[in-house]
Amino acid sequence: MAKLVPLLIVGAGPFGLAMSAHARRAGVEHVVVGKPMEFWKTHMPQHMVLRSACDWHYDPSDEDTIERYLQTKNLKPNDVEPLALEFYLGYCDWFQQKNAIETVLARVHALNLTHDASTCFEATLEDGKTMIAPKRGRRGRFSLLHERAGTVSSVVSGWPVRSYLRFCRFRSR
Ligand SMILES: Cc1cc2nc3c(=O)[nH]c(=O)nc-3n(C[C@H](O)[C@H](O)[C@H](O)COP(=O)(O)OP(=O)(O)OC[C@H]3O[C@@H](n4cnc5c(N)ncnc54)[C@H](O)[C@@H]3O)c2cc1C
């Protein structure tokens, strides 16, 4: 039987992890499907340095920033910029742990709209398990987020303007 989830986040890249942290703080039950930072771990050039600096972090609440991560290591931005891929992945691990983000280590194989009265998204995983998420959720702010499907604006509309702008700039790169 399909599992019903209030918010389904497909993919555990930077935006999936950021969304999960934000949803958790907002008290929204959710599920993240995907291997954490899979694209970055498997497809980025091994010795690359990032074009973005320490101020491009994941946290719309400005709490779990890269600067905060640096403090845990007694380092300053000048010590680590330009950021190496390995450093960035370290920040991602730290962010994930700090925000207790657990993911379902699978891929969504199919994503369809149901055609009953409540119109939901139905995600089918590789192993045939299904999850159902409402097209629009609590207070109308949350909907299923497929990272490449562009429903981001309905999710972030409740964020502070500064965070929203950063998110959009980050996304548009
Ligand atoms: C060479 C290069 C250098 C870059 N340098 C920078 C930089 O310095 N700074 C910067 O801010 N950005 C940089 N970017 C851009 C950066 O990659 C993106 O902005 C960022 O990864 C977008 O995050 P995302 O979570 O939307 O997507 P992704 O990082 O692509 O994450 C999406 C995740 O979803 C997973 N996924 C996809 N489909 C499914 C599915 N069906 N089921 C489950 N999981 C799925 C993928 O495996 C992936 O891990 C660079 C990009 C490239 C290619």
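Select Met-37: it counts as buried, with 20 C-beta neighbours inside 10 Å. Buried here requires 20 or more other C-beta atoms within 10 Å of a residue's own, exposed 12 or fewer, and partly exposed the range in between, with C-beta atoms placed from the backbone. Met-37 sits in the loop between β3 (31-33) and α2 (38-43), and its phi is near 55°, a positive value in a residue other than glycine. Helices (H or I, at least four residues) and strands (E, at least two) are DSSP runs, numbered from the N terminus.

The model is predicted: local features need pLDDT of at least 70 and side-chain atom pairs count only at pLDDT 80 or more, while totals for chains, interfaces and linings use all residues. Residue numbers start from 1 along each chain as its sequence is written.

Next, go to Asn-74, in the loop between α3 (66-72) and α4. Its phi is also positive, near 55°, but Asn-74 is exposed, with 7 other C-beta atoms within 10 Å. Most residues other than glycine have a negative phi, and most peptide bonds are trans.

Move on to Glu-81 and Pro-82, which are joined by a cis peptide bond with omega about -5°. Pro-82 belongs to the loop between α4 (77-80) and α5 (85-98).

Now show β5 (residues 108-113) and β6 (residues 120-125), an antiparallel pair joined by 5 bridges; strands pair if DSSP finds at least two bridges between them. Leu-111 has Ala-123 in β6 as its bridge partner.

Cys-120 is partnered with Pro-134 in β7. The β6-β7 hairpin has 4 residues between its strands, and Gly-128 in the turn has a positive phi of about 90°.
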